[in-house]
Amino acid sequence: MNEQIVILDFGSQYTQVIARRIRECKVYSTIIHYNTPASVIAEMNPAGIILSGGPSSVYAKDAPLPDRAVFDLDLPVLGVCFGLQLMAKFLNGKVERGQKREYGKGTLRVKKTQCRLFDGLPRELQVWNSHGDKLTRLPDDFKAVATTENSGFAAIENAKARFYGLQFHPEVAHTPKGKKIISNFVRKICGCGRKWTMRNYIDQAVDEIRAKAGKEKVILGLSGGVDSSVAAALIHKAIGKQLTCIFVNNGVLRANEASVVKKVFAGNFKVKLHYEDAANLFMRKLRGVTDPETKRKIIGNTFIDVFQKATRKVGKARFLAQGTLYPDVIESVPIGGNPAALIKSHHNVGGLPEKMKFDLIEPLRCLFKDEVRQLGTELGLPMEIVMRQPFPGPGLAVRILGEVTPERCEILRNADTIVVEEMKLNNLYYKIWQSFAVLLPVRSVGVMGDERTYEYTIAVRAVESKDGMTADWVKLPYKVIETLSSRIINEVNGVNRVCLDVSSKPPATIEWE
Ligand code: XMP
């Protein structure tokens, strides 16, 4: 059993960030629902508990409250923002509406105490605040260990009970030394070591996969994306030939997609790979369709049909493996309908019908994306796969506006290859979220040599983003834009104009559809 810290989630948009910071300290962390009974938490045998922030006021009618007995488990507890206010509510302190809402950067002044949270840190720290209510009376047996301009109780402790509270957010990047505070909590106060590493995780996951799969067959839909690729490599390490991967060519793949997957998985890893070429079928179904939603539905449904048939071809299997990640699994906390509490990925793929009677193997269920990339590297997958940019399930179809035809796919594929090549050559590809070409459904007049042309326009889109929910366009160097434009126009038949998309999300989306 892993040494772990449990985080009670009260609906803060930063709860997952706390979990990631802890894991960056090489300590496993789990996010659980705020009202998980203390007895259940005790069974999880954590080394410490963190109470997350949250959008409510502790005195609101529908405020999310933890089981009071979490304070009786004889475990270290760290309350962050709303979490600190909960400590006050339960341990006889007092919280009032602040005169002034404290939002944004502040300066923390650490008192001359021995508080271990601030071991090795300077007396003055930049911190990030986001709270309305504030602590006005310390809970019993607590003392203040740090202050800000606005609060005499910005950090508090009851060292004997090992209870700590922070009014600010140590997990966010705007608290530059925050990670050290979190590290002090998990290491010096909770006594955790550095056991959570992807190398250790491989051993544990391999054992678990073997125990679950027994002698049965497992199939996995390999898309060439990071998640399914890492899942495939991990499961293959555990059960070798019991795993069959199915790769479907849906006709809207990027150039080389299929050959890279074949080379890496069938070639290097010797994974049993079933390649199902359904490009013609997808193209037939997409003929004449221009509505974006209809295109998506056709691709989704056709994929399911093709995949189902392929599973029959490769022989009966009991298990289906998927590359589901932790953020898709965490139950979100819809407190008082607050939208911040509901921020979640809106493109959940997977989507295989329930009638496909498989038991699931999901070996990445407890991992964040950055951990999956580390795991992939540890398993020996090439950077080309592990660090690749996200690519949507419906593929190039969401980047071809209007009808998807083999000719248009070819044009976009050629332009896309140039974008990817140039971004890599200029050391930009792995630094940004996504960069790609879009084929617009307009043709315009141009001249080439002595002839007038009437051809398509390609839009180049390059965006920075943390999670795809919001994005900003990348200010590419002029030199790169120039090369992209001249190469696309010169090398891609059917294109005589290139534009750069300079819209952020919102209000635009990343894909054009
Ligand atoms: P939008 O266009 O909504 O995209 O700003 C946000 C992120 O999601 C990706 N995306 C998808 N991923 N299936 C996927 O697996 C899809 O249908 C899909 N649509 C968009 C998009 O590439 C971007 O990273």
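Predicted model: local features only at pLDDT ≥ 70, side-chain atom pairs only at ≥ 80, totals over all residues.
1. The domain bounds come from the assignment for the protein chain. Domain 1 covers 4-189, domain 2 covers 198-386 and domain 3 covers 395-500.

2. About 1400 Å² is buried between domain 2 and domain 3. Carbon and sulfur atoms give 62% of that area. On the domain 2 side, V252, R254 and K295 stand out: they supply 30% of the area that domain 2 buries against domain 3, more than any other three residues.

3. How many salt bridges are there between domain 2 and domain 3? The count is zero. Polar contacts do occur between domain 2 and domain 3: six residue pairs, with both residues at pLDDT 80 or more.

4. A separate point concerns helix α6, residues 226-239. The helix has 14 residues and reaches 20 Å from its first C-alpha to its last. That is close to the 20 Å expected at 1.5 Å a residue.

5. Is α6 mostly covered or mostly uncovered? Mostly covered: 13 of its 14 residues are buried. After α6 comes G240, with a positive phi near 50 degrees.

Methods. Residues numbered from 1 in each chain as written. Heavy atoms only, no water. Helix = DSSP H or I, 4+ residues; strand = E, 2+ residues; numbered from the N terminus. Expected span 1.5 Å × (residues − 1). Buried < 20%, exposed > 50% of the residue type's maximum accessible area, 1.4 Å probe, protein only. Domains from an automatic or database assignment. Buried area = accessible area lost by both parts, 1.4 Å probe. Salt bridge = Lys/Arg side-chain N within 4 Å of Asp/Glu carboxyl O. Polar contact = N/O pair within 3.5 Å; in protein donor to acceptor, adjacent residues only side chain to side chain.
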